[in-house]
Amino acid sequence: MDIKQFYTSPIQTNTYLCADENSKEAFILDPGSVCKPLDNYIDSNEYKIKYIVLTHGHGDHICGVPHYKAKYKCQVAANKKDNRYFNDPISNQSRALCGQDVAFTPDIYVNDGDTLQVGNMTLHILFTPGHSPGGISVLVGNILFSGDTLFAESIGRTDFVGGSLIELKKSVREKMFVLPDDTFVLPGHMGHTTIGHEKQYNPFF
Ligand SMILES: [Zn+2]
């Protein structure tokens, strides 16, 4: 599995490109803006983008969706409960973040326990609301893409519309801290961590 991280959006969102090098099938997680190095990486490796997977609907994670969906003819997968953000440029603050209104409807709705197949990678969807009502995290092998739910020694904000600190903590405890300690955590912002490290050092738990 080839995983590469890119910074997108004016507030440095972690966008991930994950590819199965054999089949060349790949997915993009949270394209926060158009990012030339990401395009170059996909094109130079001749990766075939099957899905854009969105951990949630905030503008700093979705502003690149129209570009990548049109360019690679791929499907957008997300949880329906964040449609209030996907569908509404006022709610997702895309104009402020990327200078244009971004609104769309996901092609595929994913829920807790669902899986998506991309080449030899099985994406396990975990429903992890709290930062937003339709927040999801994605487990691929021993790698957890935690969106803005869990950060290295921190957690995501819960003061946005539809956010809930109680729900976020429940999501982390019940969906993430049950994973093996050596699970790698790749969050939506800042550096990576592991489940074991967070169980021991995250001050919110
Ligand atoms: Zn967010």
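Buried means under 20% relative accessible area, exposed means over 50%, and partly exposed is the range in between, with a 1.4 Å probe and protein chains only. The model is predicted: local features need pLDDT of at least 70, side-chain atom pairs count only at pLDDT 80 or more, and totals for chains, interfaces and linings use all residues. Residues are numbered from 1 along each chain as its sequence is written, and side-chain values use heavy atoms, with hydrogens and water left out.

**Zinc site**

The zinc ion has H56 (NE2), H58 (ND1), H131 (NE2) and D148 (OD) as its protein donors, at 2.1 to 2.6 Å. Donors here are N, O and S atoms within 2.8 Å of the metal (3.2 Å for Na, K and Ca); water is not among the atoms, so sites may look incomplete. Along the chain the donors of the zinc ion follow the spacing H-x1-H-x72-H-x16-D. H58, in the loop between β4 (48–53) and α2 (59–62), and H131, in the loop between β8 (121–127) and β9 (136–140), link distant parts of the chain, being 73 residues apart. Helices (H or I, at least four residues) and strands (E, at least two) are DSSP runs, numbered from the N terminus. H58 and H131 are both buried.

Why is the arrangement of the four donor atoms around the zinc ion irregular? The angles they subtend run from 86 to 170 degrees, which makes the arrangement irregular. Four donors count as tetrahedral if all angles lie between 85 and 135 degrees; four count as square planar and six as octahedral if opposite donors are over 155 degrees apart and all others between 65 and 115; anything else is irregular.

H56 sits in the loop between β4 and α2 and counts as buried at 2% relative accessibility. Its side chain makes polar contacts with the side chain of T55 at 2.9 Å and with the side chain of H131 at 3.3 Å. A polar contact is a pair of N or O atoms within 3.5 Å; within protein, one must be able to donate a hydrogen and the other to accept it, and residues adjacent in sequence count only if both atoms are side-chain atoms. Leaving aside neighbours within four places in sequence, H56 is in contact (heavy atoms within 4.5 Å) with D30, H61, I62, D82, F86, H131, S132, G135 and D148.

**Aromatic pairs**

A pair of aromatic rings is described by the distance of the centres and the angle of the planes. Rings of Phe, Tyr and Trp (its six-membered ring) pair if their centres lie within 6.5 Å; planes under 30 degrees apart count as stacked, over 60 as edge-to-face and the rest as tilted. By this rule the count comes to seven aromatic pairs. Two of them are tabulated below.

| Pair | Centre to centre | Angle between planes | Class |
|---|---|---|---|
| F86 and F104 | 5.5 Å | 35 degrees | tilted |
| F177 and F205 | 5.1 Å | 65 degrees | edge-to-face |

F86 lies in helix α4 (residues 83–86) and F104 in the loop between α6 (94–98) and β6 (108–109), so this pair ties together parts that are 18 residues apart in sequence. F86 is buried at a relative accessible area of 1%, and F104 is buried at 13%.

F177 belongs to the loop between α7 (165–176) and β13 (184–187) and F205 to the segment after α8, so their pair ties together parts 28 residues apart in sequence. F177 is buried at 14% relative accessible area, whereas F205 counts as partly exposed at 28%.

F6, Y41 and Y47 form one aromatic cluster. K4 lies over the face of Y41, 5.3 Å from the ring centre; a charge sits over a ring if NZ of Lys or CZ of Arg is within 6 Å of the ring centre and within 35 degrees of the ring normal.

N202 lies in the segment after α8 (195–201). Is N202 buried or exposed? With a relative accessible area of 2%, N202 is buried. The N202 side chain reaches the backbone nitrogen of F204 at 3.0 Å. Not counting residues up to four places away in sequence, N202 touches L150, F151, E153, S154, I155 and H197.

Q12, in the loop between β1 (2–8) and β2 (13–19), has a phi near 55 degrees, a positive value in a residue other than glycine. Q12 is partly exposed, with a relative accessible area of 47%. Q93, in the loop between α5 (89–92) and α6, has a positive phi of about 55 degrees although it is not a glycine. Q93 is partly exposed, with a relative accessible area of 47%. C-alpha to C-alpha, Q93 and C63 are 9.5 Å apart in space and 30 residues apart in sequence.
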